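Subject: A structure for you to explore

Hi there,

Here is the structure I promised to pass on. Please open it next to this email and follow along as you read.

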Amino acid sequence: MAAIPRELKADGQGILGYRLLGAIASVAFLPGRSEGWSTDRVRQVDRVRPMRVVDTPGLADDVVGLVLEPADGTPTPSWSPGAHLDLTLPSGLRRQYSLCGTDPRSLMVAVRRLGAASTEIHERVREGDVLHTQGPRTAFPFCGEPRVLLVAGGIGITPIVTMARECATRGLDWHLVYAGRTRASMPFLDELVALAGSRLTLLVDEERERYPSVGEVLGWADADTAVYCCGPTPLLDLVRTARGPVRAPLHYERFAPPPVISGREFDVTLARAGLTLKVPADRSALDVVLDAVPDTPYSCRQGFCGTCRVQVCERAVERRGRAGGPGRPGAREMLLCTDRAEGVGLTVDL
């Protein structure tokens with residue numbers, strides 16, 4: 001099975017099943033005799049889809065859209081609110097972006113200039129370019145509860161705007177809290193003002209003197225209100241801490257690496273590079289490895305996609321990432337972004 005590529009958390013009763021959404025089968029059976037089974041009778045399915053960039057609209061300050069259509073003439077894949085697309089850029093960098101368009105003939109993502117991958121998109125990707133994609137995949141599904149509070153901060157609006165449209169279409173009881181630095185930096189603002197009306201609460205930094213309070217963010221939600229949140233870590237922490245135990249679930253998606261919890265210092269030896277690096281208790285092995293080997297492949301940084309998976313040559317792994325956990329029993333592998341050494345150190349094939 002392919003791993004869930006991005007983080008989904010659902011706090012509340014009856015929600016554990018959502019953690020499994022987004023997993024997809026990744027093998028197909030070859031013709032052969034029916035008796036017995038072995039791995040030499042299966043092959044990997046190529047799930048890479050070439051898509052052509054057909055438009056690059058400016059959506060807000062430092063936010064550009066990529067509108068994509070299948071380059072091979074196949075139908076545009078369907079998707080649901082909260083889904084994302086994996087993009088492989090010309091440089092080889094691979095990143096996930098939430099789908100946020102409305103045209104069923106194309107897919108659209110919105111990218112804020114924040115790091116190397118987003119800078120490449122802003123400066124190098126142009127109309128007519130063909131990008132390799134995988135997905136859409138859904139790891140932050142919208143469940144359509146009768147009463148819904150949507151909370152978005154900055155570019156975290158990209159999955160949330162699709163949920164707002166769905167709420168309006170279904171006639172649900174819903175409200176949206178949208179926080180940002182300036183109005184000019186907030187994508188989809190005009191659309192949401194028109195769509196939500198009085199159901200929209202705007203929290204704009206340049207128009208305020210303090211960070212949003214718990215009451216401003218969660219005041220509309222009662223114990224029976226499902227909350228969906230996507231945004232920067234401070235906003236996510238505020239919502240998770242303040243929500244507390246209630247009947248309705250809290251769903252959230254983070255777009256920054258989660259903090260390392262209960263980590264222990266260990267050494268990671270890179271066999272091919274001939275380096276031994278010390279990983280502090282509060283940092284991931286990936287962060288430390290990137291300092292020494294900047295071109296090390298990675299993508300989600302949360303233990304879902306498996307891009308940073310490496311072979312372990314010596315010693316045991318403390319598995320923390322889902323892409324390298326129970327789905328790969330006995331595998332001598334490590335996800336650099338989340339996994340750690342069981343003891344004082346280990347050696348990897350890197």
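A word you will need first: two residues are in contact when heavy atoms of theirs lie within 4.5 Å. This is a predicted model, in which local features need a pLDDT of at least 70 and side-chain atom pairs count only at pLDDT 80 or more, while totals for chains, interfaces and linings use all residues. Residues are numbered from 1 along each chain as its sequence is written, and side-chain values use heavy atoms, with hydrogens and water left out.

Let's start with threonine 133. This residue lies in strand 10 (residues 130-138); strands (E, at least two residues) and helices (H or I, at least four) are DSSP runs, numbered from the N terminus. Is threonine 133 buried or exposed? Its relative accessible area is 2%, so it is buried (buried means under 20%, exposed over 50%, and partly exposed in between, with a 1.4 Å probe and protein chains only). Setting aside neighbours within four places in sequence, threonine 133 is in contact with Arg47, Val48, Arg49, Met51, Leu85, Asp86 and Leu87.

Next, look at the loop between strand 7 (83-88) and strand 8 (94-98), where you will find glycine 92. Glycine 92 has a relative accessible area of 48% and is therefore partly exposed. Between glycine 92 and alanine 117 there are 9.5 Å in space, C-alpha to C-alpha, and the two are 25 residues apart in sequence.

Five strands form an open sheet in the order 17-16-22-18-20, with mixed pairing; two strands pair if DSSP finds at least two bridges between them. Strand 17 and strand 20 are the edge strands, as each pairs on one side only. On average, neighbouring strands of this sheet are turned by 40° against each other, direction ignored. (Axes are lines fitted to C-alpha atoms, for helices over the stretch in contact, and angles run from 0 to 180 degrees between N-to-C directions.) Within the sheet, strand 16 and strand 22 pair in the parallel sense over 4 bridges, and threonine 269 stands opposite threonine 347 in strand 22.

Helix 6 belongs in this picture too. It lies across strand 16, strand 17 and strand 20, and runs at about 135° to strand 17. Which residues of helix 6 (residues 285-292) are buried? They are Ala285, Leu286, Val288, Val289 and Leu290. What covers them includes strand 16 (266-270), strand 17 (275-279) and strand 20 (333-335).

Finally, the salt bridges. A salt bridge is a side-chain nitrogen of Lys or Arg within 4 Å of a carboxyl oxygen of Asp or Glu, and by this rule the count is 22. One of them joins aspartate 349 and arginine 272, at 2.9 Å from N to O. Aspartate 349 is in the segment after strand 22 (345-348) and arginine 272 in the loop between strand 16 and strand 17, so this pair ties together parts 77 residues apart in sequence. Arginine 272 is exposed at 62% relative accessible area, whereas aspartate 349 is partly exposed at 32%.

Another salt bridge links glutamate 216 with arginine 208, whose closest N and O atoms are 2.8 Å apart. Arginine 320 and glutamate 318 also meet in one (2.8 Å, N to O).

Enjoy exploring!

Best wishes
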